[in-house]
Amino acid sequence: MRFAVLGNPIAHSLSPLIHQHFAQQCGIDLTYERLLVEGSLAETADKFFAAGGAGCNVTVPCKLEACAYASTLSDNAAAAGAVNTLKKEADGRISGFNTDGPGLMQDLKRLRFPLQGARVLLLGAGGAARGIVRPLLTEGISSLTIVNRTFDKAAVLATLCPEQIRACTYQELNAEIPSFDLVLNATAASLQGALPDVRDSVLQQAGAAYDLMYTPQGSTPFTLHCEDLGVRQCADGIGMLIAQAALSFKIWLGLDADVAQTVSYLRTYLAGRKQA
Ligand code: NDP
């Protein structure tokens, strides 16, 4: 069976490695390639499915376009307005799913991070944050505060559930110093080696901190900073990356991949690549 990941750029994508590892775990054969989207996503996806493609992942910057491309959407994809998984159904229709948010929820549970009844602070309101909000509410958190540099984007996300979600600016957050059980960093700050503009006293009170970005060694500027401040549970986003892939694998093939084992495998692979 033929699978692929579509995006631009795409050469860096670890998805082929992860899905080949899942296939090995499950004792099946599949092909999984990287396809560069140079024109529209629809053009590349049409060609892929016409040539026998069974399903594909979609990554930056094509997730919104994939949402419009799919004939039907899962509830998560519709709420996020973004699709990271496409599947060709038996009748030829293309279904769209968003496994990013559910993948993060699975990883938070694997790590035993607080969720049920938790007061959650979400930093960032970009593509990744959009996919997280609905799954967080479904897990029974008690409140969600969304902070973003561009406040309007946080305010739009808060309209998904105004009774439970509050949008605010970094200035408001830092002036109030509220307490949170879990802080999720869904900003791209770590990619730039920077920290989001949150006062130390806000982070110090948190029980757990998770950065969606991942590194071979498992720490990011954000998780290192939180550890220094005494936050007990800190993690990077490698488990989310693998869990969202495992959910796509399940949607396409109905098979369960071993996420925890793949986390160890990928960390070893990335550490070896860094040294080489
Ligand atoms: P987007 O470009 O869609 O959004 C970026 C977000 O980061 C925006 O909210 C932006 O604010 C904010 N931001 C950027 N720089 C800074 C800064 N210096 N300080 C504060 N806020 C900043 O990116 P994504 O949402 O797709 O990705 C965000 C992060 O999540 C990345 O680190 C990415 O690697 C990671 N990710 C991990 C996944 C995984 O599976 N582990 C999956 C998807 C993403 P503004 O709106 O004001 O510009």
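Trainee: How many residues of domain 1 are in contact with domain 2?

Mentor: This is a predicted model, in which local features need pLDDT of at least 70, side-chain atom pairs count only at pLDDT 80 or more, and totals for chains, interfaces and linings use all residues. Residues are numbered from 1 along each chain as its sequence is written, and side-chain values use heavy atoms, with hydrogens and water left out. The bounds, from an automatic or database domain assignment, are 2-98 + 239-275 for domain 1 and 101-236 for domain 2. With contact meaning heavy atoms within 4.5 Å, domain 2 contributes 20 residues, and the number from domain 1 is 20.

Trainee: Which residues of domain 1 lose the most area to domain 2?

Mentor: Buried area is the accessible area (1.4 Å probe) that two parts lose on being put together, summed over both. Domain 1 and domain 2 bury about 1700 Å² between them, with 60% of it on carbon and sulfur atoms. Three residues together account for 32% of what the domain 1 side buries: N76, M240 and R267.

Trainee: Are α5 and α11 parallel or oblique to each other?

Mentor: Helices are DSSP runs (H or I, at least four residues) numbered from the N terminus, and their axes are lines fitted to C-alpha atoms over the stretch in contact, with angles from 0 to 180 degrees between N-to-C directions. Helix α5 (residues 100-110) packs on helix α11 (residues 238-253) at about 120°, with the axes 7 Å apart. Angles under 35 degrees count as roughly parallel, over 145 as roughly antiparallel, 65 to 115 as roughly perpendicular and the rest as oblique. The angle therefore makes α5 and α11 oblique.

Trainee: How many nonpolar residues are in the contact of α1 with α11?

Mentor: The axes of α1 and α11 lie 10 Å apart at an angle of about 60°. From α1 come I18, H19, F22, A23 and C26, which meet L241, I242, A245, A246, S248, F249 and W252 of α11. No charged residue takes part; two are polar, and the nonpolar number ten.

How values were computed. Helices (H or I, at least four residues) and strands (E, at least two) are DSSP runs, numbered from the N terminus. Ala, Val, Leu, Ile, Met, Phe, Trp, Tyr, Cys and Pro count as nonpolar, Asp, Glu, Lys and Arg as charged, and the others, Gly among them, as polar.
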